[in-house]
Every structure is written in C-alpha cells, then in structure tokens.
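Reader: I am new to this structure. Please take me through it in short steps.

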Amino acid sequence: MRLFGIFDERAETSKLYFEDIADTDALLKRLHDCYPSLTKSSVSISVNHNIIRENTRLDDGDEIAFMPPFSRSEE
C-alpha cells in the first residue's frame, strides 16, 4: 500500500504492507488501528490505479494507494 500526503507524514513512511486483508474497509480499519491519528482524515482510495467509492474486494498483488481527497474539474 502506498501512502501520500498527510497519510505518509503521520505514518512516517510512504509504503505499508498488511497480510490477510479481504477488502478496502478492513484495510482502512487496520490503518486506523495502527495510526489512530488518521481516523479523522478524509481519504481517497485507489485500487490498481482506479479511485474507488465503495468497499472493494482485495486480491494478492493489488496496488492500493491512500491519498488526501482531491477534486477533478470538468472542462
């Protein structure tokens, strides 16, 4: 899992690895358990380079990124 912005600042690392995580909700809970200061931070989650909006099943080898929320302007 890659961490960006406030997430890598508070965790003091840009990469974390957790085993036996079934989905993104469980991964977020594990991150909050390890780093309680992140529980109130808003997050955008990417799975395999796609921003997700709901709980998503994870498989071995998936590339996960936790990032501060951002907006995309429509042109």
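Reader: Which residue of β3 does I45 stand opposite?

Author: β2 and strand β3 (residues 50-52) run antiparallel and are joined by three bridges. Two strands pair if DSSP finds at least two bridges between them. Strands are DSSP E runs of at least two residues, and helices are H or I runs of at least four, numbered from the N terminus. In β3, the residue opposite I45 is I52.

Reader: What kind of model is this, and how are residues numbered?

Author: The model is predicted: local features need pLDDT of at least 70, side-chain atom pairs count only at pLDDT 80 or more, and totals for chains, interfaces and linings use all residues. Side-chain values use heavy atoms, leaving out hydrogens and water, and residues are numbered along each chain as its sequence is written, from 1.

Reader: Which residue in the hairpin of β2 and β3 takes a positive phi?

Author: The hairpin has two residues between its strands. A positive phi near 50° belongs to N48.

Reader: Are the residues on the two faces of β2 buried or exposed?

Author: In a regular strand, side chains alternate between the two faces of the sheet. In β2 (residues 44-47), S44 and S46 are on one side, and I45 and V47 are on the other. Buried means under 20% relative accessible area, exposed over 50%, and partly exposed in between (1.4 Å probe, protein chains only). Both faces of β2 are covered, and these four residues are all buried.

Reader: Why does I51 count as partly exposed?

Author: I51 is found in strand β3. I51 counts as partly exposed because its relative accessibility is 34%.

Reader: What is the order of the strands in the sheet?

Author: β2 and β4 (residues 64-67) pair in the antiparallel sense over four bridges. β1 and β4 pair in the parallel sense over two bridges. The sheet is open, with four strands and mixed pairing, in the order β1-β4-β2-β3.

Reader: Which strands are at the edges?

Author: An edge strand here pairs on one side only. The edge strands are β1 (2-3) and β3.

Reader: Which residue of β4 does L3 stand opposite?

Author: β4 pairs with β1 in the parallel sense. S46 stands opposite A65 in β4. L3 stands opposite F66.

Reader: How far apart are the C-alpha atoms of I51 and M1?

Author: Along the chain, these residues are 50 residues apart. Their C-alpha atoms are separated by 14 Å.
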